[in-house]
Each structure stands twice: as C-alpha cells, then as structure tokens.
Amino acid sequence: MKKSKDKSLIRVFMVVMLFVFILLFVYSSLNLKNIDYGYKMHELILREKELKEEVDKLKAQKASLLNLKRVEEIVKKRLNYQYPRSDQFIKVFENK
Amino acid sequence: MIKINKKERNRAFILFIVFSIWVLFIVYKLVKIQVFDYTKYISKVKSQCNRIFSLHPKRGTIYDCNGDVLAISIKTKSAFLSNKDKKESMKIYRLLSKKISLTNGERKNIKKRINKDRKFIWIKRKLEDREYKKLKKIKNDLSSKSTLGFVDEYKRIYPQKTLAAHALGGVGVDEQGLCGIEYSVDSLIRGKGGKVKVLIDARGKIFEIEYLKQPVAGKDIFLSIDSSVQFFVEKELKRTVEKFRAKRGSVIVMNSRDSSILAMASYPFYDPSRIKYTSQRVLKNAAVSFLYDPGSTFKIVLASSALENGVCYPQQVFNCYNGIFHIKNRTIYDVHPYDKLTFEKIIINSSNIGAARIGLRLGKEKYYRTLKSFGFGSKTGINLPAEEYGILNSLKRWSNISVAFLSFGYEIAVTPIQMVRAFNVIASGGYLIKPNILKGVDRIVLPEVRKVKILSSSTRHIMTSIMIEVVNTGTGKQAKIEGIDIAGKTGTAKKLKNGRYEDCYVSSFGGFFPAQDPRITMFIVIDEPKGKYYGGEVAAPLFKRITKRLLIYLNIFPELDKRNEIRI
C-alpha cells in the first residue's frame, strides 16, 4: 500500500519536473530567440545607417561631378565647344 | 535493518554540520549579493553591458530650386589621442603627422597639449577618406591601440565650391551655422540630438536597443536660387569686377512676379568649406550689407512719388539752368548741361538739377512718405543674416535742401537688396513684395509672401515707358538688346569717405525685362571701378550680358505679333 503510494508520488514528481523543465526550456529558447532577433535588428539598423551614409556620399559625389565650373571646363577643353557669338544666336518665332 | 554504530553516526553528524555550514555560507553569500549589495552589483553589471550613446543629428541638405544639392552633410571620422604616456603619444603623433595635412598652428597646438599632459587631444577633425585609411593602418600596427582613437562626426560639403557662397554662408567645426542661410535657418536645419541605451554582450556586440530620446534629423531646405543662373551671373560679375579693378561687386536677380531670388552674387567669392580661413571683409554679403549712396538709380523712386502724388505729369517742362543750380549755399551740377528738360527727359538723361527741381516741387513730407512706403531705412526681411537697415534720416533731421539731394540719391544709404525691391515695385505692377530666398522646407512649399500695393497702374505704366527710353536712348544704352524691351536706370554715385564725398564711385544699374510683362528684375552694384566709372559704362554692359544668357536659359521672349526674329 505504502509502496504504491510512493510510486504515484514519484510519478507526480516526475511529471511536475518534466513540466517545469519544458517550461524552462521554452522560456529560455524564447529568450535566446529574442536575443538573436536583437542582434539581427542591430545589424539591420547598422546596415540601414551605412546605406543612408553611402547615399549621402553618392549624392555629394554626384553634385561635385555636376559642378558647373567643372562641366564647363570639360566641355570647353575636352570637347572643344565654344559659347555662341552674339550674332550666332537667333530666336525665330513660328507663325501661328 | 541496517545497524549504524555510534562512530558512523558521529561522522554523519559532522558531515551534516559541514554541509549545513556550506549551505548556510552559500545562502549568506546569495543574500548578501542579492539583497545587501544589490545596488553595487547591479550598477557594475549595467556598466559592463549597458551603454548610453549620444546620437548626433544629421544637418539638413540645402537644394536649389531645381533640386540640385548646394550643401550636404556626410559622415566622417575625427582622430584623437588618448594621452596616457607623453613619450608614447609624441611618438605616435610624429608617425601620424606625416600622413595627414595639418597647418603649422595645428601642429604646434597638438605638441603643446601633449607636453602639458592633456588627456584628450584632437589630432584632426573631419578627416578625408584617404587620411582615415592611413591612420587606421597606423592604429592597427600600434602596440597600444587605445592611444589613437576615432569618433564619427558629420562634415558639411559644398559640392559647387564657391557657387552662391554668400547666400549659403557656412558652418563651424561643430556644424553650427555661422553666416548666410546656414545661420538664419540654423534652428530648422540643425535637428536635435538623441540618446540611445544599448545592451552589449561579452564580445561587445549589441543585442538590445532602447531609444531614450529619439534624434530628430535637420530639415532639408529648398532655396529659390537657380544654380545655372547663379553660375553665369557669378562668371559675368567676376569678369566685370576684374576688368574695372573694382573693390567689390554685387548682382541680384529676382523673379519679378513673386520677388524670389534667382541669383545673389557678391564678389570676391569664397569657398564655404574654408570659412575659417576667410577674412570678414570677404565673408560680408554685399547684396544685403553693403551700404552706399544710390545716386541716379534713386530717381525712379522720386519720379514715381511725383507722379503718384500728382505734382508732376509727363511732358511737364523743367528749367535745368544749363548744368549749374545754386540752392542755399550749395551747388548742384549736371554731367551734361541742359537748358530745359521734360519730366521724362530728366530721368532719361539723368539730370541731377531736373531731379532736384522735381523733388523741391514734391516737397519733403510727400517724398518722405514715399521713401517709407518703398521700405527705405528698414530691413527688407529677407531670410539672410547681417542685413543692413540703410540710413534714412527722420523728417525732423532733414534740412531745407535735403529733399533736393535725396532726389538724385544722396543723403541716404541703401543696400542692393533694397534697390532691387524698389525696382521690382514698378516691375510687379506697383506692389511692394518682400524678397525671399527660401522656397520650401522638407518639400513643403512656403506660402507666397504678402503684397502691398504702393503705386497705381498709371504711374507704373508711365515709369516703365520712361525706363525703356533710358535704355533705348538715354544713359543706359549699353544695356540695350535688339528685339526686346528692357526698362532700366543707371546710377553713378560718389562715395562718402570720412565724412566727405571723394573721387571714388559706385556704379549701378537696375532694370527689368521684358518691360511690358516683366519676368526678371535685376540690380547691379560695382564698388570703386577704376578707369570708367559711369553706371552706363560699367554696370549696364554687365546687365546686358547677364540678360542675354537669361533670355536663352529661361526662354523669355516677347509675343510674336511684335517681332518674328530676335538676334541675341
């Protein structure tokens, strides 16, 4: 009688322990996942920041390349273009 | 049943005691750590894995009216020395100094700070990319890596270099606006810093982020300036100032309809990224802060006032006393003597005596009221710092002959921005409109500025026809372009130096076109040109050259019914 009572107690104890273990396992794995997401989030934030900085640098570079003084120099020196003389520009209006 | 003897029982008892002491010790330690020393250990843990960082806001970008970048901030690195050992720091500094460009003053300063045993020493702020790469390589080769460090900082870039420098202004080393639009909209464009708390692991990797204060990025600013217009205005201005070896020059190009500034140039130019090496004289934006006596360009204000008040009318004849007119104990001269001139011819030929006579007929009260309504003696309110008020004496301080001298632009000091606004009153159909350079903030277009009608349509029409004649047959002939009506007025004024008018001049020209339906109002000032000095010879040709380019660039041409061909 006493032995069977002990056995059932042990079984209850085992079930409780198993439940506690599963609970702990789920809790810790969720926590670990959370931390993992934290790492990923930070990586993405850093990447976003880097990309934004890259965009700004490219914007600045583009604007520097489009510097009108530079463009004029290229057009004049490399392409040998010249401004039209005053008598070379004629605006002709079409008849309506 | 197992029998336990006394010896074994004693052993078990001792073991129990030892075990109990061990357990009690652990419990004691746990309670001590968890309860009594809780705050001490929690702060230790926090200091090891919690970090709070300040987040620097990015300064907003400045664009022109076409969306081209005029100023932008990009992230760079700044290098510093953590001076723990003087000898070691000096050794590292010598190694670094060969790899980066530093001025002699900066080198001296760094050495001085190392010798004074300062713990934190800036080596160079806002390094170039290639400089950072070189220094990073040096840091990796160092035995004590912590001596040399880097921090992230923003650096202001002006990709168009000197273009629109005076309008843009510049920023200091901490990205604070120092002058120009950078200064006047600093609170908008600067943004607000934030704070972030992060949790880091044993390897120093961040795994949790909490914003204590969200950073607010600076707003982007859109200016009314057009880079292309600004470019050729600056080019032509430089050519004129250099040709006449003038002290300085300024050109303002304005949209006649809404008074928005398309170009604002002041020569000598400067590079906004080298603002700390630029003298105060060069930094001064002549367009808003150069005070001068306007001379004959001011006659358009006088004529407008006389017509508006009904004291003069077209074709009215005035005696011009053959070039010499005595008033009280002063004498007024004309460059070319005239016997009699009509009201229009006085403006067209720019007769000082004729203007004085109109002024005397008008009377000081009426003239003063007009000057106030044109906004002289007060700031225009343009969004640029260091704007001068100009000098307009109160009516009480006017002498009996003040009105005569004020009629041809003396005894008053104005700025080029005030003059362009005055010319634009006629161009815009009689409205006084506040000049504006700020078009929008963060893609939100700012509302149109308020217009105040100060001249009637008839006055405006008469004034326009007089100003067209100034360019066609009068003193402004060198601004004439075949096929397009330009309304303008020349000005040549002596400069007041040490209380006396000396033989150095300010040449100016103001005008608008196409005269019948104005799109552009422009004002030019050339300070102390050498050789030629008349406004019609110095400023008018510059007006013509800029106008030619504007006509093509903005595709401004009059209606077909008048002409079928324009030669520019």
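## Ground rules and confidence

Residues are numbered from 1 along each chain as its sequence is written, while chains are lettered from A and ligands numbered from 1 in the order in which they are written. Since the model is predicted, local features need pLDDT of at least 70 and side-chain atom pairs count only at pLDDT 80 or more, whereas totals for chains, interfaces and linings use all residues.

The model scores ipTM 0.75 and pTM 0.84. For pLDDT, the predictor's confidence in each residue from 0 to 100, chain B averages 91, with 97% of the residues scoring at least 70. Chain A has a mean of 86, and 88% of its residues reach 70 or more.

## Chain A

Let's start with chain A, which has two helices and one strand, running α-α-β from the N terminus on. Helices (H or I, at least four residues) and strands (E, at least two) are DSSP runs, numbered from the N terminus. Confidence in chain A is lowest in strand β1 (residues 90–92), at a mean of 66, and highest in α2(A), at 91.

Buried residues make up 2% of the 96 residues in this chain. A residue is buried if 20 or more other C-beta atoms lie within 10 Å of its own, exposed if 12 or fewer, and partly exposed in between, with C-beta atoms placed from the backbone. Lys76(A) sits in helix α2 (residues 68–78) of chain A, and it counts as exposed because it has 12 C-beta neighbours inside 10 Å. Its C-alpha atom is separated by 98 Å from that of Leu9(A), 67 residues apart along the chain.

## Chain B as a whole

Chain B comes to 19 helices and 24 strands. Its radius of gyration is 36 Å, well over the 24 Å that the globule rule gives for 568 residues, so chain B is more spread out than a compact globule. Here the radius is taken over C-alpha atoms, and the rule is 2.2 Å times the number of residues to the power 0.38. The C-alpha trace spans about 150 × 55 × 50 Å along its principal axes.

In chain B, 43% of the 568 residues are buried. Of the contacts between residues at least 6 apart in sequence, 71% join residues at least 24 apart; two residues are in contact if their C-beta atoms, placed from the backbone, lie within 7 Å.

## Helix α12 and its partners

In chain B, the axes of helix α12 (residues 299–308) and helix α18 (residues 457–472) come within 10 Å and cross at roughly 140°. Axes are lines fitted to C-alpha atoms, for helices over the stretch in contact, and angles run from 0 to 180 degrees between N-to-C directions. Residues meeting across this pair include Ile300(B) and Leu307(B) in α12(B), and Ile462(B) and Met463(B) in α18(B).

The axes of α12(B) and helix α15 (residues 364–373) of chain B also come within 10 Å, crossing at roughly 120°. Here Val301(B), Ser304(B), Ser305(B) and Glu308(B) meet Lys366(B), Tyr367(B), Thr370(B) and Leu371(B).

## Helix α19

Which residues of helix α19 (residues 535–554) of chain B are buried? Among them are Val538(B), Leu542(B), Phe543(B), Ile546(B) and Leu550(B). The buried residues of α19(B) pack against α9 (227–243), β11 (248–255), β21 (487–497), β22 (500–513) and β23 (520–527) of chain B. After α19(B) comes Asn555(B), whose phi is positive, near 55°.
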